[in-house]
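Please find below a colleague's note, arranged as numbered points, to be read beside the sequence and the coordinates.

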Amino acid sequence: MLGRMGILLVVVVLVLFSLSCARISEASTPGEGAFFKKALPHVDSIPSKWGNLVSVSNVAGSRYWIQLWFQDENGNLRVVAYALQKNSFAKEFYLLRRR
């Protein structure tokens, strides 16, 4: 009799645990996160509406690339990579919007 009660108790506990589980949310879709990846409008220049250059940083793992950080009047940041050896910008940049 005690064996049946033990099995019943285990089944009840397993059912309660399975009911208490919650689905993990899916990975965020583009546009939901803080960074937006966009195509650079002109690969030979930086648009003046991007604002002022506020920082320059290195790209981890590469000594031939740097990142240029621009901030516009609304506080939005744009980050574009620059190839030192090729003397050219990357074809895409990242936009971090301020709310």
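**Note on contacts and sheet**

1. E92 and K37 form a salt bridge in which the closest N and O atoms are 3.1 Å apart, the term being used for a side-chain nitrogen of Lys or Arg within 4 Å of a carboxyl oxygen of Asp or Glu. This pair joins distant parts of the chain, since E92 belongs to strand β5 and K37 to strand β1, 55 residues apart; strands (E, at least two residues) are DSSP runs numbered from the N terminus. E92 is partly exposed at a relative accessible area of 40%, whereas K37 is exposed at 52%; buried means under 20% relative accessible area, exposed over 50%, and partly exposed in between, with a 1.4 Å probe and protein chains only.

2. The model is predicted, so that local features need pLDDT of at least 70 and side-chain atom pairs count only at pLDDT 80 or more, while totals for chains, interfaces and linings use all residues. Residues are numbered from 1 along each chain as its sequence is written, and side-chain values use heavy atoms, with hydrogens and water left out.

3. The structure holds 2 salt bridges, and one of them is formed by R78 with D72, where the closest N and O atoms are again 3.1 Å apart. Both R78 and D72 are buried. R78 also stands opposite L95 in β5, and F36 likewise stands opposite L95.

4. The sheet is open and consists of 5 strands in the order β1-β5-β4-β3-β2, with antiparallel pairing; two strands pair if DSSP finds at least two bridges between them. Because β1 and β2 stand at the edges with a single partner strand each, one side of each is left without a neighbour in the sheet. From one strand to the next the twist averages 25°, where axes are lines fitted to C-alpha atoms (for helices over the stretch in contact) and angles run from 0 to 180 degrees between N-to-C directions.

5. Strand β4 (residues 77-83) is joined to β5 by 6 bridges in the antiparallel sense, and the bridge partner of L77 in β5 is L96. The hairpin of β4 and β5 has 4 residues between the strands, and N87 takes a positive phi near 55° there. On the other pairing of interest here, β1 and β5 are antiparallel over 5 bridges.

6. Which residues form one aromatic cluster? They are W50, F70 and F93. The count of aromatic pairs comes to 3, for rings of Phe, Tyr and Trp (its six-membered ring) whose centres lie within 6.5 Å, planes under 30 degrees apart counting as stacked, over 60 as edge-to-face and the rest as tilted. W50 and F93 form a tilted pair, 4.6 Å centre to centre with 50° between the planes. This pair links distant parts of the chain, W50 lying in the loop between β1 and β2 and F93 in strand β5 (residues 88-96), 43 residues apart. W50 counts as buried at 2% relative accessibility, and F93 is buried as well, with a relative accessible area of 5%.

7. R97 lies over the face of F36, at 5.6 Å from the ring centre; the criterion asks for NZ of Lys or CZ of Arg within 6 Å of the ring centre and within 35 degrees of the ring normal.

8. H42 is found in the loop between β1 (35-39) and β2 (52-59), and H42 is partly exposed, with a relative accessible area of 48%. Its C-alpha atom is separated by 9.9 Å from that of E92, 50 residues apart along the chain.
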